[in-house]
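Subject: Structure for your files

Hello,

Here is the structure we talked about.

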Amino acid sequence: MKFTLSWLKDHLDTDESVETLADKLTMIGLEVEHLEDKAKLLAPYRIARVVSAEQHPNADRLRVCMVDTGDGGAPVQVVCGAPNARAGLVSVFSPPGTYIPGKNITLSVGTIRGVESRGMLCSAAELQISDDHDGIMELPEDAPIGTPYAEWAGLGDPMFEINLTPNRQDCTGVHGIARDLAAADMGKLKDPGIKPAKGELPCPVKVTVEDEKLCPGFALRLVRGVKNGPSPKWLQQRLTSIGLRPINALVDITNYMTFDRARPLHVFDAKKVKGNLVVRRARDGETLLALDGRTYTLDHSMCVIADDSGVESLAGIMGGEASGCDEDTTDVLIESALWNEINIAQTGRKLGINSDARYRFERGVDPAFMVPGLEMATRLVLELCGGTPSETVVVGNPFGDDRIIDFPLTEVKRLAGIEVPLTEMRRILTHLGFVVAGNGPVVKVAVPSWRSDVHGKADIVEEVVRIVGVDKVPMTPFERGDAPRKPVLTPIQLRTRRAKRALAARGMVEAVTWSFISKPAAELFGGGKAELALANPIAADLSDMRPSLLPGLIATVQANADRGFGDAAIFEVGQIFKGDGPADQLMAASGIRRGVASAKGLGRHWTGSQAASAYDAKADALAVLAAAGAPMASLQIVAGGPAWMHPGRSGTIQMGPQNVLGHFGELHPRTLEALKADGPLVAFEVILDRIPAAKAKPTRAKAVLELSAFQPVSRDFAFIVDRKVKAGDIVRAAQGVDKKLITDVAVFDVYEGKGIEDGKKSVAIAVTLQPRERTMTDEEIDAVTAKITADVGKKTGGTLRG
C-alpha cells in the first residue's frame, strides 16, 4: 500500500515529521517498508537553459551544449546525445558529483570523443519520474532558471509504502491509515461525512442477483450527461505519486476511491450496456475481453456481471473492454458491490489476475460503506464531469452483521501484562471506530463494520496494546521450576539438522521443492493414492502429495540443465507422504548428482573431471545415516532398489528386510523419460524416521576412556570366497571375534581373475588389534588371527588365499 504525506494530510491534521510518522506506523502494526523523499533525492538538480547547441566535431549524434545553470556564472559545457537538444530549450541540469538514480551512477567530469563535459542534461527516466527516455526533459519557457527542479515540479511529497497483514483490509485505504495514526496521538482525524447526492430521475437499469452468497450486496446508479476527459491536476498527482497512470476522469475517480477509501468501484458506459444487469455464475467457456487487453476464458465457479449481450465485468476483479468508459462517454453507470472473498481469491488465482480491486475484495471490504462509497463517487463525478444523477438501486444487505463483545477490563493486564486505565482504553477504541458502553468491570464493545478481523476479547486486547505500544509490554521470564531441563529439539529435528549439515559438507546445495507433484509422477514413485489427492490443487501438475522428494529434485536439476548449468549436486530434507495417517508421513533426506558433480566437487578437479556415480550416491546416503545416528555396524547393503532406480546400478540400505532405511544408485532411464529429464542422474533417499532410536545411556558418571599406551598391531587377511558372498559379511565375522581388542576392520582389495577359480573372488581385509593392558606376545597375536580365520571360514565359507 502506497500513499504520500500530502494525501495522508487530506485525512489527518498533523504536524509530525515524516520520520516520526513512519516510526509510529511500524509500531502500531503497519510496517513501513520504504520511505521515499524525491525532494532530497533530486535536490542537486536545477532548471537550466541551453544557450547554444553545436555539432560535436567527432560524433554525428552528439552536440556540444553551453548551458546557463542560473548561478550567475559562465555557461557550462555539456556533451549531449539527446535528439531534442537545441538552443533555447529549458531542461534539467545535474552537475558533476550528482547521483543519477535512473542509471545508478554518480556523475563526474568526463571527456566524450575528445570534448570535455561538465554535467548532464537529464531525461525523465534518468530521474525516475516516468519511463520517457526518448530525449531530455522539456520544461515551459517561463520555468525559473536556477531553481531546484523538485521544488518547482512539486515533488517534495514523501511517499510511504507499508506492508499490510492480510487482516487489515481497512488500511488498504489512506483514510483507514489516518484513523490508526489519530488513535496513536499522531494528529486529528478529518472525517466530515459524506453528503448524499439526491437522485433526480429513476435508474432505468434493474439489477438481479442470482446467488446472494457470491454477492451479498449490490448498489447502482446512473449519471446522465457527463463530460469525460482528463482529470484535474490534483487527482492526477495523487495517482502518479503512487505509480498509477491517469486515464480519464471517470476511471481516475474509481482508482482514487480504491486507494483513498479502500472501496473499489466500477463504471460502465451506460450506452454500451444492453438491457438490465444480472450478477450470476459464468457459463463454462464464456469469454471476456478485459480492460487489460487480455481475453479470459471463464467457468462456472466464477462470478460475473452480465447484460443481455453477455459478460460485461469479472465481478470484483476487472471490468470488460466492451462497456468501458472513454472520451465519448456521456452516460455512466456506477457500481458499488460486496463480493464473496473466497470466490474472488479463487477466480483471481485461476485467471492469474492481480488487480487492486481483487487485493481489497479478497480481504473483505467494509460492507457498511457500500452505499456511502457510491454516494462519494457520485459526488466526485458530478464535480469533475457534471451530469444528472439517478436514484440509487440497492440489492441485498449493505450493512453486514452487528458484533458486540463483552470485554472484561482485566483482560489487558492478564494477556499483555500492562495496566491501561478505562479512560485511555475508551479513547483508543473510540478513535479506532469501536463503541464502548459501560464502566466496568465488564464493558460492551461494538465492533465497527470495517474491522471484520475482530471477533473476541483477545482481538480487543491486541487493538489496545498496539496503540499503547508493544514496547510497553514487560519482559516476563517463564517459570523454570526445579525439574531438569528437557531437550528443546525432538530426535527427528536433530536428525534433520545433522543430515542437512552432512550433505552440505559434501558439497551439495539445499533445495526446497513443492510438497505437491503431478499424479503421474506420484504413481511413478509409489504414490498416487486417492487419499493423497488434493481437493483444491493450485495447479493441474501439483495435484498429489509427494511420496518421494526425488521428483521435485529431478525437476529442479533439469531446470538448471535447461539453462546451461548441467553439473549439479542438490539435496532436500523434508516430509514425504505414503498414506493418509500420521504414521505414513515420514521425514526423508534425498539428493541428486548430475554430470561432473561427484563428491570431489563440481566441475574441474586437480585429479581430473569425474562424473558422479552410484558410489557417490551411496557415500551421500551413508553420510546422512552416520550424521543422524544410525548404527553403522548393523547396516546391510543389498543390490537392487525400487522400480524407479536402475536394477543393476542401485542398492538398498537396510537393517534386516523389515526395516529398509533407504536406497541409492542411478535412476532408471524410464523414470527420466517419464519426467522429461536428461540423464544419467544418480540419487539417494534415506527415511530418517526409520533410524532406530539410540539406546539410553547410563546417567552415572563414567571414567573417560584414555588412549592406549601400547602400539596397535595390524594384520592382513585374504580370503577366497564364493562370488556371491558380501564383503560386509566378512568384515562382521572378523569384528565379532573380539570386539574390545579388534578396533577396526577394513576391506582394501577385491580381486577376480588369473589365479582365482571361476565363481570365486579374493577379498582382502586389514584388521587392527589395539591392546589396552600390555603388549601382546606373538603367541597371543597368532591365537587371535587363527580365531579370525576360523570364524570367517565358518560364517562365510572363506579360506585363506595361498
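Predicted model: local features only at pLDDT ≥ 70, side-chain atom pairs only at ≥ 80, totals over all residues.

Residues are numbered from 1 along each chain as its sequence is written, and side-chain values use heavy atoms, with hydrogens and water left out.

Cores. A nonpolar core here is a set of buried Ala, Val, Leu, Ile, Met, Phe, Trp, Tyr and Cys residues joined through side-chain atoms within 4.5 Å. Buried means under 20% relative accessible area, exposed over 50%, and partly exposed in between (1.4 Å probe, protein chains only). The largest nonpolar core has 110 residues, and the members that touch the most others are Ile 177, Phe 218, Leu 298 and Trp 339. Helix α10 (residues 370–385) gives the most to this core, seven residues. Helices (H or I, at least four residues) and strands (E, at least two) are DSSP runs numbered from the N terminus. Another core, of 24 residues, lies apart from the largest one and includes Met 508 and Ile 691.

Contact means heavy atoms within 4.5 Å. Leaving aside neighbours within four places in sequence, Phe 218 is in contact with residues including Val 207, Ile 305, Glu 335, Trp 339 and Met 370.

Helix pair. Helix α14 (residues 491–505) and helix α17 (residues 614–627) pack at an angle of about 140°, with axes 8 Å apart. Axes are lines fitted to C-alpha atoms, for helices over the stretch in contact, and angles run from 0 to 180 degrees between N-to-C directions. That angle makes α14 oblique to α17 (under 35 degrees is roughly parallel, over 145 roughly antiparallel, 65 to 115 roughly perpendicular, the rest oblique). On the α14 side the contact is made by Arg 498, Ala 499, Ala 502 and Leu 503, and on the α17 side by Asp 620, Ala 623, Val 624 and Ala 627.

Backbone. Gly 679 and Pro 680 are joined by a cis peptide bond, with omega about -5°. Pro 680 sits in the loop between α18 (669–674) and β40 (681–687). Arg 113, a residue other than glycine, has a positive phi, near 55°. Arg 113 lies in the loop between β10 (110–112) and β11 (115–117), and counts as exposed at 53% relative accessibility.

Regards
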